[in-house]
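This briefing covers a few local features of one protein chain, grouped by topic. Please read the points below alongside the structure.

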Amino acid sequence: MASSKERDRRWARTAAAAALTVPAAAGVPAVWAWSQDEPVDGRLAWLCAAALAVGVAAWVPLRRRAGRGAHTAICLWAVLLLTAVWGTAFAAAQAVHTVRVRAHEPRSVPAVVTHCRVTGQLPVEGGGLGARTYGCTYRWSVDGQQFDEERPVDGPYPDGHETRVWLEDGGRMVTGRPSPLGVPFWSVLALLGLAAAPYFAVRLAGRAREAGL
């Protein structure tokens, strides 16, 4: 039969694993949704809250078993590991979003620009104000429903200026389309995070063994 010391060690290992894997797994869909400007609520919010509670509760046995120095080192590598996992999810979500948007051109409709006005002035170094900033109201219709929204512009347009606006789901105006350079940029970051996560996991395991886990 396993000794009491060995059982305590196994329990501490299990608790430490739960303290990492549960929040990491629950955080990935939350980070993905947040990166796409989707609400993190409902079941997902409850899942994240439960995962956080599990992580905090599971970390208590580790704090009791490991010394202060070992505990601090373990926490540091754990934070780096979670950052790598969640950062990978965020970068991957941005890359997927960029590909999806660039591959499928959003709907566009005619729009009329009206009510251009000065919205402010840019501050300059040393104090004072520089170039003026402008905003104009864009008006368009989708399936008989009228929309209008003020947006910043480089300069004022005459009333009645005709243009086209890109639309997102629901008929609202798209603020801007992501650059195609975002695909390699976010992909590289995702790969870096994916490569860093195992390294941090190995260092974390080493620190855990040094602490007697």
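Helices here are DSSP runs of H or I with at least four residues, numbered from the N terminus. By that naming, proline 23 lies in helix α1, residues 4–35. The model is predicted, and the values that follow are computed from it.

- Beyond the neighbours within four places in sequence, proline 23 is in contact with Ala18, Ala51, Gly55 and Trp86.
- The C-alpha atom of proline 23 is 8.6 Å from that of alanine 50, a residue 27 positions away along the chain.

**Threonine 137 in strand β2**
- Threonine 137 is placed in strand β2, which spans residues 129–142.
- Threonine 137 is counted as buried because its relative accessibility is 12%, under the 20% limit.
- Setting aside neighbours within four places in sequence, the contacts of threonine 137 include Val112, Val113, Thr114 and His115.
- Asp148, Glu149 and Glu150 are also among the residues in contact with threonine 137.

- Valine 188 belongs to helix α4, residues 182–210.
- With a relative accessible area of 46%, valine 188 is partly exposed, since that class lies between the 20% and 50% limits.
- Val188 forms a nonpolar surface patch together with Phe185, Leu189 and Leu192.
- The accessible area of these four residues together is about 370 Å².

Notes. Residues numbered from 1 in each chain as written. Predicted model: local features only at pLDDT ≥ 70, side-chain atom pairs only at ≥ 80, totals over all residues. Heavy atoms only, no water. Patch = residues over 30% accessible without salt bridge, like charges linked within 9 Å, V, L, I, M, F, W, Y side chains within 5 Å. Areas by Shrake-Rupley, 256 points an atom, 1.4 Å probe, with all protein chains shown as cover. Salt bridge = Lys/Arg side-chain N within 4 Å of Asp/Glu carboxyl O. Helix = DSSP H or I, 4+ residues; strand = E, 2+ residues; numbered from the N terminus. Buried < 20%, exposed > 50% of the residue type's maximum accessible area, 1.4 Å probe, protein only. Contact = heavy atoms within 4.5 Å.
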